[in-house]
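Please open the structure in your viewer and keep the selection panel at hand.

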Amino acid sequence: MNGPRRRKGAVRRSDIPPDVLRALNQGQEETITLVEWLAIDMGVLLSNILVDVGLEGKAADILKAYQPLREEGVTRRLRGVGRILFEATRKDAHREEVFENLATHTSDMVRAWAAFTLAGDEILVLEERLGRTRRFAADGSVAVRECSWDSFRPYVVTDLTRGFRLLETWVRDKDPNIRRCAIEGTRPRGVWTQHIEALKDNPEPGLVLLRHVKSDLSRYVQKAVANWLNDASKSQPDWVREVCALWTEESPTEETSWIVDRALRTIRKQSAL
């Protein structure tokens, strides 16, 4: 029996039907495209979901705390809301119930906020941080999955050896979303996140994770691996050439070949100049 037909996502903001935009801002609908994600008014959404998650009694303080974020970029607002929600619940006897309500909310943006509440807890030990973030790394929403690795990345950076050791179980997971999250969360250079200077200088420690997925069957994971190496190639091209040559010899599969070809794209471009 077929399930309900999924609506078509908007590719331009002007294409978003008014009822869909209203539902997105009310937390009653998931986004399908980045355009829809960016169209959400976070302040409106935040005010609309506080009753849903059990924070109606703290609505005034939460919305007041959000006001300084209104002019910030989308990523800063996402992180900021997560921190505000963490601060609002850190001493609340029902904090775990509120967290669960956030983490299971219909709105993918609200679930992303839940991931960032974990980032707001600066004393959470890394093992527990990764354990609690795992659900967001496996989320059905691409946007939530992106926020999941961004939420733990700053804490992995502070202890890369320990972080890589813990994430090694992730790259052996049967879920490609989990494997991909471990790789994306440790890329030397991020598109919209802080670079990891230690890995730009010496990407060698990353092989602890990369070696497990050098021939991954998932194209989603392959892209992440290739992007990791391409990041590294911008500061350590010889190292990337050596890794790609070794992988090609050790793992003559179509998957490895695809990863290597994409990993070397910046090196090829620079060689052609």
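Here, buried means a relative accessible area under 20%, exposed means over 50%, and partly exposed is what lies in between, computed with a 1.4 Å probe on protein chains only. This is a predicted model, in which local features need pLDDT of at least 70 and side-chain atom pairs count only at pLDDT 80 or more, while totals for chains, interfaces and linings use all residues. Residues are numbered from 1 along each chain as its sequence is written, and side-chain values use heavy atoms, with hydrogens and water left out.

**Cysteines**

Select cysteine 244, which is buried, with a relative accessible area of 3%. A disulfide is counted when two cysteine sulfur atoms lie within 2.5 Å, and searching the whole structure turns up zero of them. Cysteine 181 accordingly takes part in no disulfide, and the nearest cysteine sulfur, belonging to cysteine 147, is 11 Å away.

Helices are DSSP runs of H or I with at least four residues, strands are runs of E with at least two, and both are numbered from the N terminus.

Select arginine 179 together with aspartate 216: they form a salt bridge in which the closest N and O atoms are 2.7 Å apart. Because arginine 179 lies in helix α11 and aspartate 216 in the loop between α13 (207-210) and α14 (219-233), the pair ties together parts that are 37 residues apart in sequence. Both arginine 179 and aspartate 216 are buried.

Now select arginine 180 and glutamate 146, whose side chains meet in a salt bridge with an N to O distance of 2.3 Å. This pair links distant parts of the chain, since arginine 180 belongs to helix α11 (residues 176-184) and glutamate 146 to helix α9 (residues 142-157), 34 residues apart. Arginine 180 and glutamate 146 are both buried.

Finally, select arginine 135 and glutamate 100, which are joined through their side chains by a salt bridge of 2.9 Å, N to O. Arginine 135 sits in helix α8 (residues 126-137) and glutamate 100 in helix α6 (residues 95-103), so that distant parts of the chain, 35 residues apart, are linked. How accessible are these two residues? Arginine 135 is partly exposed, with a relative accessible area of 34%, and glutamate 100 is partly exposed as well, at 35%.

Technical notes
Salt bridge = Lys/Arg side-chain N within 4 Å of Asp/Glu carboxyl O.
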